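Please keep the sequence and the structure in view while reading.

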Amino acid sequence: MSNMKITFIGLGNMATAMINGILLNGIVDKGSITGTDISLAARINSQEKFGIKAAAYNALACEKADIIILAIKPQIAESVLEEIKGFVSAETIILSIMAGKTMAWIADRLTESVNYTGGKTKAAKAKSTKAKPAKIVRAMPNTPALVGEAMTGVCRNAYVSDDEMDKCLSLLNSIGKAEEIPETLIDAVIGVSGSAPAYVFIFIEALADAGVAAGMPREQAYRFAARNVLGSAKMVLETGKHPGELKDMVCSPGGTTIEAVKVLEEKGFRDAVIAAAAAAIKRAGEL
């Protein structure tokens, strides 16, 4: 993959996390990455921090890219795709990390300018009598990407080969773990993973508040609460045990933990989490 050219459209937190992971893992060198952003500060920051090329205009940055990563908000996707569609060849892979925009939606806005010759000139396009559908990969990482611990759901359309998918998975594994899923589950991934760090942060904050109320210094309470979440998550992932079984291991008969669990159930903790995730899933389908 050392010769692969990657263009990021958008240089926000998720894009810069990916750039950092890609470079740390040696997937490509910094000279193979170009980033675009309307913000001059974002372009300067990426150039200075990573040594990549940065540009103000999306179209030219896409012309020679093997993979174009759409790290933009869905509200501006229509205008961005209109800008770049004449510069996307038949072999270019579009990797979208936008919420709400399906692969079909993206492909519909690119297909008319993707042709068998891959040419950009009118003469080259005239040689093609049939548009070739665009290669689209859609991914939904979450903010733990910023510390290399993202969990990412990834799907592809029918025009992306196994080898091309492996390249995309390699990029996404550089910021954590990525798993291929059908696109029908992408909204579920948003509710259970993409939006879920916010739920966990609220839990950590509330747990720390309880510690402060009991006399712990706040910064110490945050450390204890956060390490508790980190360690508990590792137990689920590394032991392979059901979360309910692990919960039961902590709940001694007549002990402190079972009393706490009893209150959580009485207050509707489980129902609140399920309802929150369901609301995020519903909203994802509306974007």
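A residue is called buried when its relative accessible area is under 20%, exposed when it is over 50%, and partly exposed in between. By this rule Cys 168, with a relative accessible area of 0%, is buried. The model discussed here is predicted, and the protein chain has an average pLDDT of 91.

**Cysteines**

- How many disulfides does a search of the whole structure find? The search finds zero.
- A disulfide requires two cysteine sulfur atoms within 2.5 Å. The closest cysteine sulfur to that of Cys 155 belongs to Cys 168 and is 11 Å away, which is too far for a bond.
- Cys 155 is buried, since its relative accessible area is 1%.

**Salt bridges**

- Side chains of opposite charge can pair when their charged atoms come close. Across the whole structure, 16 salt bridges are found.
- One of them links Lys 135 and Glu 91, with an N to O distance of 3.9 Å. Lys 135 belongs to strand β6 (residues 135-140) and Glu 91 to the loop between α4 (77-84) and β5, so the pair ties together parts that are 44 residues apart in sequence.
- Lys 135 is buried at 6% relative accessible area, whereas Glu 91 is partly exposed at 47%.
- Asp 162 and Arg 156 form a salt bridge at 3.0 Å, N to O. Asp 162 is exposed at 52% relative accessible area, and Arg 156 is partly exposed at 25%.
- Glu 265 and Arg 270 also meet in a salt bridge, at 2.8 Å, N to O. Glu 265 is partly exposed, with 40% relative accessibility, and Arg 270 is partly exposed, with 49%.
- Through shared partners, salt bridges join Glu 91, Lys 135 and Glu 164 into one network.

**A buried lysine without a salt bridge**

- Lys 101 is located in the loop between β5 (93-96) and α5 (103-108).
- Lys 101 is buried but has no salt bridge. The nearest side chain of opposite charge is that of Glu 78, at 6.1 Å, while a salt bridge requires a distance within 4 Å.
- Apart from neighbours within four places in sequence, Lys 101 contacts Pro 74, Ile 106 and Arg 138.

**Confidence in the model**

- In the protein chain, 92% of the residues score a pLDDT of at least 70.
- Residues 113-117 have a pLDDT below 50, and this stretch has 18 contacts in the model beyond near neighbours in sequence.
- Residues 122-131 stay under 50 in pLDDT, with 12 contacts beyond four places in sequence.

How values were computed: Residues numbered from 1 in each chain as written. Predicted model: local features only at pLDDT ≥ 70, side-chain atom pairs only at ≥ 80, totals over all residues. Heavy atoms only, no water. Buried < 20%, exposed > 50% of the residue type's maximum accessible area, 1.4 Å probe, protein only. pLDDT = per-residue confidence, 0-100. Contact = heavy atoms within 4.5 Å. Helix = DSSP H or I, 4+ residues; strand = E, 2+ residues; numbered from the N terminus. Lys, Arg positive; Asp, Glu negative; His and termini not counted.
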